[in-house]
There are 2 protein chains.
Amino acid sequence: MVDKLPAPARIRALPSWLLGRAAAHGRGLVREALAGDGMPMLHHLVLIAVREYGPVAQAELARAVGIDPKDMVAILNSLQADGLVTRTPDPHDRRKNAIAATPAGERRLARQEPLVDAAMDDLLAPLSATERATFTALLTRVVAAADPDTPTVS
Amino acid sequence: MVDKLPAPARIRALPSWLLGRAAAHGRGLVREALAGDGMPMLHHLVLIAVREYGPVAQAELARAVGIDPKDMVAILNSLQADGLVTRTPDPHDRRKNAIAATPAGERRLARQEPLVDAAMDDLLAPLSATERATFTALLTRVVAAADPDTPTVS
DNA sequence: CGAAAATCGTGGGTGGGCCCAACGGTATGC
DNA sequence: GCATACCGTTGGGCCCACCCACGATTTTCG
């Protein structure tokens, strides 16, 4: 069987292409890891955000993680149906719902985080510990420049 | 005006998240740069691939750059209409078209490549020359592990 | 040598992510 | 008290990336 042509060398050398490939791979690994626990990636993301910021309004949540408010409704419906979050009216502002994680939600995340961490290990497997630190530090600076309003982690 | 909450710290520390942000930024920069010359990003990608491999079959092209054959038809229609590629029946295999770049196509790429290079400079602006080399080398290794059948550039 | 399988180019279709707008209800600011 | 803004929800829509099917052609296999 004849081999498949690779993408052109010019393209394969572009950092934006490399970042795209790496990002797609990373996303795939995370999606796969979470599928093992039966949860879509965005649901996980939202649950993490609820745990960190809860109780929190839906609109606030949607802005924090960059999800369309309409799509956030569906995700919260699903998380609520599974007993992982609660949705209660905000006592101080009746326009808002106060979204909070339940103990079941926190347990679910406790189970999932090692899966995601393992996916990250897999993603950076070709790099030594020192190289990973270097890579992540440089990547963080690139991202910080792109998104100056978001604090970085260090 | 109250500040917007950032994505959760746990998420912002994940290499897959960072890669996703950096990749989106890179894509945005390239798209913007090429829009300056009035060409969508995938059209540019395909034209580069045609220049490198032409004359080449559509299906081969689609596999090389990871574009759906159906979408490749539309892209080639547009490039052909603009006089940037030719589409002729393969004399040895009537199933196939032989796609080749025209001199106008090559000139168009010659104009666009500095734009894309400038976008890459912009993307990696926070890094020194040494850091860029380190970052790209590490990124290349991560991508090589994800896609072992594709040769890397070095 | 003929039938089956595979490939090619093209068209139809779908789902997810994102955009915009509208609505009724509520809160804020002047 | 009124205008403006925000909230949550819903609806409509677009675009992109992907899936599948079809007729024509080539390749493979018994």
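**Conventions.** I number residues from 1 along each chain as its sequence is written, and chains are lettered from A and ligands numbered from 1 in the order in which they are written. In this predicted model local features need pLDDT of at least 70 and side-chain atom pairs count only at pLDDT 80 or more, while totals for chains, interfaces and linings use all residues, and side-chain values use heavy atoms, with hydrogens and water left out.

**Symmetry.** I looked up how the two chains are related, with copies superposed by least squares on the C-alpha atoms of residues with pLDDT of at least 70 in both. Chain B is brought onto chain A by a rotation of 179° with 0.1 Å of shift along the axis, at an RMSD of 0.3 Å. That is the relation of a two-fold axis. I noted that 100% of the contact residues of chain B recur in chain A, the same surface serving both copies; contact here means heavy atoms within 4.5 Å.

**Pockets.** I searched a 1 Å grid over the protein atoms alone, on which a pocket is an open set of points with protein on both sides within 12 Å along at least five of seven lines, a cavity is a set where a 1.4 Å probe fits but cannot get out, and lining residues have an atom within 4 Å of a point. Grid points are joined across faces, edges and corners, and a volume is the space filled by probe spheres set on the points.

The largest pocket holds about 510 Å³. It is lined by 24 residues, of which Arg27(A), Met41(A), Leu45(A), Ser16(B) and Trp17(B) are the closest to its centre. Two or more lining residues come from each of α2 (15-35) and α3 (41-53) of chain A and α2 (15-35) of chain B, where helices (H or I, at least four residues) are DSSP runs numbered from the N terminus. I counted 15 nonpolar, 6 polar and 3 charged residues in this lining, taking Ala, Val, Leu, Ile, Met, Phe, Trp, Tyr, Cys and Pro as nonpolar, Asp, Glu, Lys and Arg as charged, and the others, Gly among them, as polar.

The second largest pocket holds about 430 Å³. Among its 26 lining residues, Asp147(A), Thr150(A), Pro151(A), Pro6(B) and Arg12(B) are the closest to the centre. The largest share, 4 residues, comes from α7(A), and the lining has 14 nonpolar, 5 polar and 7 charged residues.

Of its 15 lining residues, Arg12(A), Trp17(A), Val143(B), Thr150(B) and Pro151(B) are the closest to its centre. At least two lining residues are supplied by each of α2 of chain A and α7 (129-146) of chain B.

**Helix contacts.** I took axes as lines fitted to C-alpha atoms, for helices over the stretch in contact, with angles running from 0 to 180 degrees between N-to-C directions. In chain A, α3(A) and α5 (residues 69-81) pack at about 80° with their axes 10 Å apart. That makes α3(A) roughly perpendicular to α5(A), a label for angles of 65 to 115 degrees. Their contact has 7 nonpolar, 2 polar and no charged residues.

In chain B, the axes of α4 (residues 58-65) and α5 (residues 69-81) come within 9 Å and cross at roughly 110°. Gln58(B), Leu61(B), Ala62(B) and Val65(B) of α4(B) make the contact with Pro69(B), Met72(B), Val73(B) and Leu76(B) of α5(B).

Definitions and conventions
Parallel < 35°, antiparallel > 145°, perpendicular 65-115°, else oblique.
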